[in-house]
Amino acid sequence: MSQITTHILDTSSGTPAEKVELILYKRENDGWTKMGSGKTNADGRASDLVSKNTVLDAGIYKIHFETREYFTRQNVDTFYPSVDIVFTIEGDGQHYHVPLLIAPFGYSTYRGS
């Protein structure tokens, strides 16, 4: 399992959001460096954004979620074509779980376990 994992639930349908493309970035200087990517599985989870042996440095990271394609597959209009969650990592190797709760016209997140 990657040091950073995520889980997406569609709160409008009560189901996991499958096949959502994700990109993990690290803030460096005035820009973002891609660190990894993946897609959510049938359970809405992504546990392989970076290899399981990778220990990420302290810093500011973000996960970019491509939500438009997911809602298009559901035949649902959405206000948010993508969602970016920006968070801080301490650099001590601990696991970070960053869930996303989505709906066509809103989203929420929290630090999971």
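Buried denotes under 20% relative accessible area, exposed over 50%, and partly exposed in between (1.4 Å probe, protein chains only). This is a predicted model, in which local features need pLDDT of at least 70, side-chain atom pairs count only at pLDDT 80 or more, and totals for chains, interfaces and linings use all residues. Residues are numbered from 1 along each chain as its sequence is written, and side-chain values use heavy atoms, without hydrogens and water.

Begin with strand β6, residues 59–66 (strands are DSSP runs of E, at least two residues, numbered from the N terminus). Six of its eight residues are buried, so β6 is largely enclosed by the rest of the structure.

Next, select β3, residues 21–28, which pairs with β6 in the antiparallel sense over six bridges (pairing requires at least two bridges found by DSSP between two strands). Here I23 has H64 of β6 as its bridge partner.

Keep H64 selected and turn to β7: D84 of that strand stands opposite H64. Seven bridges join β6 and β7, again antiparallel.

Finally, display the whole open sheet, whose four strands run in the order β4-β3-β6-β7 with antiparallel pairing.
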